[in-house]
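Hi everyone, thanks for coming. I'd like to walk you through one protein chain today, so please have a look at it on the screen.

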Amino acid sequence: MISETILCVDDDPTVLTALRALLSSLGPEHPVEIAESGAEALEIEADLRRQGQGLAVVISDFIMPGMRGDELLIRLHTLSPSTVKIMLTGQSDFEGVKRAINQANLYRFLEKPFNNDDLLLTTRSAYRACLLY
C-alpha cells in the first residue's frame with residue numbers, strides 16, 4: 001500500500017506550522033498531515049488505513065507528553081512496516097534513538113533546530129526509500 005502522505009508529529013504547534021509550510025514545497029502529490037501527539041498520529045494512521053491509504057513518511061519529535069517519539073515510531077512500525085520513519089529532537093536520548101533504530105527501523109535522526117534543506121533532502125530520500133520497500 002503506497003501513499004504519498006507525510007505525517008509530522010510534534011507537541012509544538014510552531015514546529016508543526018514550519019514543517020507543514022516547508023514540506024508543502026514538495027508539491028500537492030505529497031499531502032502533509034500534522035498531529036500534536038502520538039495518540040493523534042495513531043488516529044490519523046488508522047483513518048488513512050480505513051480509506052485504503054497508508055503513510056509514506058512519518059517525521060516525529062522525540063520528547064512529547066503522553067507518548068514519546070520512539071514509542072510512537074515502534075507502534076507505527078508494527079502497523080505499517082513500509083512507512084519510513086524520521087525522528088527530530090532537541091534533546092538527545094541515545095537509548096530512545098537506539099530503540100527506534102532497532103525496533104522501528106528508524107531511517108534518520110535529525111536534531112533541532114533542523115536545517116530546512118537537510119530536512120527536505122531527507123524527506124525526499126525517505127519517500128524514495130518507501131517506494132523501494
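Let's start with one word: contact means heavy atoms within 4.5 Å. With that in hand, take the contacts in this chain between residues at least 6 apart in sequence: 68% of them join residues at least 24 apart.

Before I go further, some ground rules. This is a predicted model, where local features need pLDDT of at least 70, side-chain atom pairs count only at pLDDT 80 or more, and totals for chains, interfaces and linings use all residues. Residues are numbered from 1 along each chain as its sequence is written, and side-chain values use heavy atoms, with hydrogens and water left out.

Now the overall picture. The protein chain has five helices and five strands; these are DSSP runs, with helices being H or I of at least four residues and strands being E of at least two, numbered from the N terminus. Along the sequence they follow the pattern β-α-β-α-β-α-β-α-β-α. The radius of gyration of the chain is 13 Å, close to the 14 Å that the globule rule gives for 133 residues, so the chain is as compact as a globular protein of that length. That radius is taken over C-alpha atoms, and the rule is 2.2 Å times the number of residues to the power 0.38. If you draw a box along the principal axes, the C-alpha atoms fill roughly 35 × 30 × 25 Å.

How much of the chain is buried? Buried residues make up 49% of the 133 residues. By buried I mean under 20% relative accessible area, while exposed is over 50% and partly exposed is in between, using a 1.4 Å probe and protein chains only.

Next, find helix α5, residues 116-132. It has 17 residues and reaches 25 Å from its first C-alpha to its last, close to the 24 Å expected at 1.5 Å a residue. The expected span is 1.5 Å times one less than the number of residues. Which residues of α5 are buried? They are Leu119, Leu120, Thr122, Thr123, Ala126, Tyr127 and Cys130. Looking down the axis of α5, these buried residues fall within an arc of 165°, so they line one face of the helix. The arc is that of the directions from the helix axis to the C-beta atoms. On the other side of α5, you'll see Asp117, Leu121 and Leu132 exposed.

What do the buried residues of α5 pack against? Their partners are β1 (6-9), α1 (13-23), β3 (57-61), β4 (84-89) and β5 (106-111).

On to the inside. In soluble globular proteins, nonpolar side chains tend to be buried together. A nonpolar core here is a set of buried Ala, Val, Leu, Ile, Met, Phe, Trp, Tyr and Cys residues joined through side-chain atoms within 4.5 Å. The largest one has 22 residues, and those with the most contacts inside it are Cys8, Leu23, Val57, Ile59 and Leu119. Two or more residues of this core come from each of β1, α1, β3, β4 and α5. Apart from it lies another core, of 21 residues, among them Leu48, Phe62, Met64 and Leu76.

Setting aside its neighbours within four places in sequence, Leu119 is in contact with Leu19, Leu22, Ile59, Leu88, Leu110 and Phe114.

Helix α3 (69-79) has its own buried set: Gly69, Asp70, Leu72, Leu73, Ile74, Leu76 and His77. Covering them are elements including β1, α2 (38-50), β3, β4, α4 (94-104) and β5.

One residue I'd like you to zoom in on is Asp10, in the loop between β1 and α1. Is Asp10 buried or exposed? At 1% relative accessibility, Asp10 counts as buried. Its side chain makes a polar contact with the side chain of Lys112 at 2.7 Å. A polar contact is a pair of N or O atoms within 3.5 Å; within protein, one must be able to donate a hydrogen and the other to accept it, and residues adjacent in sequence count only if both atoms are side-chain atoms. A polar atom of the Asp10 side chain also lies 2.8 Å from the backbone nitrogen of Asp12.

Last stop: Glu4, in the segment before β1. At 32% relative accessibility, Glu4 counts as partly exposed. Glu4 touches Glu29, His30, Pro31, Ala56 and Tyr127, not counting residues up to four places away in sequence.
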